Amino acid sequence: MKRNIRQVAVLGSGVMGSRIACHFANIGVKVLLLDIVPRELTEAEQQAGIKTDSKKFRNRIVNDALAFAVKSNPSPLYHKSGLSRITTGNFDDDLKAIADCDWIIEVVVERLDIKKQVFEKVEQFRKPGTLITSNTSGIPIASMAEGRSEDFRRHFCGTHFFNPPRYLQLLEIIPGPETSPEVVEFLMHYGDLFLGKTTVLAKDTPAFIANRIGVFGILALFHVVREMGLSVEEVDKLTGPALGRPKSATFRTTDVVGLDTLVNVANGLKANCPDDEAAALFTLPDYVLKMNENRWLGDKTGQGFYKKVKNNEGKSEILALDLETLEYRPQKKVKFDTLEAAKKIDDLGERYRMMIRATDKAGDFYRKSFFALFAYVSNRIPEISDELYRIDEGVKAGFGWEAGPFETWDKMGVQHCLEAMKTQGISVAAWVEEMLAAGNASFYKVENGRKLYYDIPSKSYQPVPGYENFIILDHIRPNNVLWKNSGTSLLDLGDGILNLEFHTKMNSIGSDVLLGIQKAISTAEQGYRGLVIGNDAPNFSAGANLASLFMMAVEQEYDEIDFSIRAFQQTMMRVRYSSIPVVSAPHGLSLGGGCELNLHADAVVAAAETYIGLVEFGVGLIPGGGGTKEFTLRASDEFHDGDIMLNTLRNRFLTIGQAKVSTSAEEAYDLGILRRGRDIIVPNSRRVIAEAKSKAIELAEAGYTRPVERKDIKVLGRSGLGMVYAGANTMYSGHYISEHDRKISEKLGYVMCGGDLSEPTEVSEKYLLDLEREAFLSLCAERKTLERIQSILKTGKILRN
């Protein structure tokens, strides 16, 4: 059955409901968001003369919830226009409107009796064949479907989004005993392709997959912390980025999610999993019970494992909870030899192997926590999943881990860990030993660019389903590298398309990357059809290599800086004016030079979560790799006669001058970085390189030819400069910007106006690049610029001097 999702009904507008509604609006779907009618008028409503039969009163709960969600930071919306796709209402007056919806999602309070009441009302209006799902985090799907019609049961299942739905990638699909296979297949596909999720098929077991494993890990740590006498800060340092996990690590994550949520899940596991071999860990330690009793739940109550306060100097300070005294105290500096050693190891697998063999307290901690986790996940098959890869996919997408439990075990060495676990009396499921005894040394392996997992029933390796839709560079790199240097690798994607990936720190762009781009284009022009520039790292590119620039500026090697900027500009022009299509595939951060690369590509295929902008102004510079030239060119293309030209120039100028960065790829259209009709957005970041390859093929098959360099760029000369200089002087006089900011503004304006021309004039790209480079060089000689760059390199923060 072919389904089209045009309108979705979301029943319940709480934290999850309102944000799920926003995420559907993000992808262009109309949403009907409903909640209950308030019980009574507030005092303010009474004073305003609002009646109980008015929409303002009856929709107050849903409207307030949606307004709160939209104002939250980070935003649940890709773009503010998405709000127009959401219609609000209430269960009493508007439930009949669900008849026009293609998918109904229940997101009310986690109580089975209330959910069943809602479903009984839904059946009165729902059209046969309409999808009906619950966002429950643990209530059995089968129990919720009891008493419903056959059509309802066939189209009903669990769809468990993780909070916040826009940002966390996991969507668990949990069928009931009578759910149609067609419904499951559709939801798995739709969640991946349109919602941008990692869809994981889960069994109808307590807490499903991700929370069952993730919460076990947190609860186990709660007990290990007390046993080893570790502090809150120490655990978060040990379990954060060093392990390839989010900075929020363990205790900070608990504060964000809410301790009460964790307590509820733990109590649910204790009640519903009496035969779980780790059931003793589901009994919460006394300090957690006391915190829950005190309502120290984290961010929602203002304090949890951490508490933000004002110190004696009036500055904000974050205190940590002492788990012994339950008193807050200043955070202590954490230092372990293992963590110091880990800083020097970039490869995650190598880092893991070092950690698990370390002899200090951190090493003891890692062995205790990882060995317990490995044993636990081995015993959850086939209880929560028949396939081990689903556990890894769920935990990675739900908790932001770089490697799932079985992947981590692989990296540490399955046999080594198993032997060490036996010495500690920790046993694993029998199938693990059988796998090793049969000569299979790992849970995963890559063959011919395909990721395979160990399938327990067949005792053989099988392809991980769904990966055929992705191009995973890590999987094809061993056999597909055509050329590489210290900063880049050129890979053959097949079908005549190459891919250039960066692998510098934060994918910053230096001489090695520029050489790589030039080499990639030259190679592609010799018998290939196109080039994709993209990578699988967390960020596309954080911009130019500031450390290199800083050293040259300090040494006053201005000829070297001039050479470097020329090389950058020439490389960007090579991207624009090659004989094959060049498609960039940004995701995550794409700043400064990374943004300039996208500005010059023939097409951009961006992940929805792309944060892109020209940020050079913040470090005391202007975009010097063709970014200023390109914004001037685009302003020219948008010019109309009269004052509108000045407004267009002003908008483009301010985008650079205020170092604006989009909060999504959709917002990058507003900033004039992405262009509608040429550039496309992909909701699922794992599909970006595959989609970019398809775009390169499309351009090649459409008869791509080398563009002609532009010599018709209209610049405004003195009429534009007057506006720029007057604006900068006003901002400086009003103490809104520093004297250095005023100087940068005037330099930027000089380039974008084409210099001191007496009237509007048409100029070439080369003319603008020369002006851009001259302005950039002059700013490199400024002491204030060097101070800002030094501040960025030392602290990651911009110094406003």
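Author: Let's begin with a hairpin in this predicted model. Strands β12 and β13 have 2 residues between them, and Asn448 takes a positive phi near 55° in that hairpin.

Reader: OK, and how many bridges join β12 to β13?

Author: There are 4 bridges, and the two strands run antiparallel. β12 covers residues 444–447, while β13 covers residues 450–455. Across the pairing, Glu447 stands opposite Arg450 in β13.

Reader: Is β13 largely enclosed or open, and why?

Author: Largely enclosed by the rest of the structure, because 5 of its 6 residues are buried.

Reader: Switching to aromatics. How many pairs do you get?

Author: The count comes to 29 aromatic pairs. One of them is Trp103 with Tyr190, an edge-to-face pair at 5.8 Å centre to centre with 75° between the planes. The pair links distant parts of the chain, with Trp103 in strand β4 (residues 103–106) and Tyr190 in helix α9 (residues 181–193), 87 residues apart.

Reader: Are those two buried or exposed?

Author: Trp103 has 1% relative accessibility, so it counts as buried. Tyr190 is at 6%, so it counts as buried too.

Reader: What about Phe406 and Phe443, how are their rings set?

Author: Edge-to-face, because the planes are at 70°, and the centres are 5.0 Å apart. Phe406 lies in helix α19 (residues 405–412) and Phe443 in the loop between α21 (430–437) and β12, so the pair ties together parts that are 37 residues apart in sequence.

Reader: And what's the relative accessibility of each?

Author: Phe406 comes out at 0%, so it counts as buried. Phe443 is also at 0%, so it counts as buried.

Reader: Which residues are in the cluster that ring pairs link?

Author: Tyr352, Phe365, Tyr366, Phe370, Phe374, Phe406, Trp409, Trp431 and Phe443.

Reader: Nice. Where does Arg652 lie?

Author: Over the face of Phe631, at 4.6 Å from the ring centre. For another case, the charged end of Arg742 sits over the ring of Tyr732, 4.2 Å from its centre.

Reader: Cavities next. How many does a search of the whole structure find?

Author: It finds 1 cavity of 30 Å³ or more. The largest cavity holds about 40 Å³ of space.

Reader: What lines the largest cavity?

Author: His23, Tyr78, Arg166, Gln169, Leu195, Gly196, Lys197, Ala608, Glu609 and Pro683. That lining divides into 4 nonpolar, 3 polar and 3 charged residues.

Reader: Last one, going back to β4. Where is Glu106 found, and is it buried or exposed?

Author: Glu106 is found in strand β4. At 0% relative accessibility, Glu106 counts as buried, because the cut-off for buried is under 20%.

Reader: How far apart are Glu106 and Ile644?

Author: They are 538 residues apart in sequence and 49 Å apart in space, C-alpha to C-alpha.

Conventions:
Residues are numbered from 1 along each chain as its sequence is written. This is a predicted model: local features need pLDDT of at least 70, side-chain atom pairs count only at pLDDT 80 or more; totals for chains, interfaces and linings use all residues. Side-chain values use heavy atoms; hydrogens and water are left out. Buried means under 20% relative accessible area, exposed over 50%, partly exposed in between (1.4 Å probe, protein chains only). Two strands pair if DSSP finds at least two bridges between them. Rings of Phe, Tyr and Trp (its six-membered ring) pair if their centres lie within 6.5 Å; planes under 30 degrees apart count as stacked, over 60 as edge-to-face and the rest as tilted. A charge sits over a ring if NZ of Lys or CZ of Arg is within 6 Å of the ring centre and within 35 degrees of the ring normal. On a 1 Å grid over the protein atoms alone, a cavity is a set of points where a 1.4 Å probe fits but cannot get out, and a pocket is an open set with protein on both sides within 12 Å along at least five of seven lines; lining residues have an atom within 4 Å of a point. Grid points are joined across faces, edges and corners, and a volume is the space filled by probe spheres set on the points. Ala, Val, Leu, Ile, Met, Phe, Trp, Tyr, Cys and Pro count as nonpolar, Asp, Glu, Lys and Arg as charged, and the others, Gly among them, as polar.
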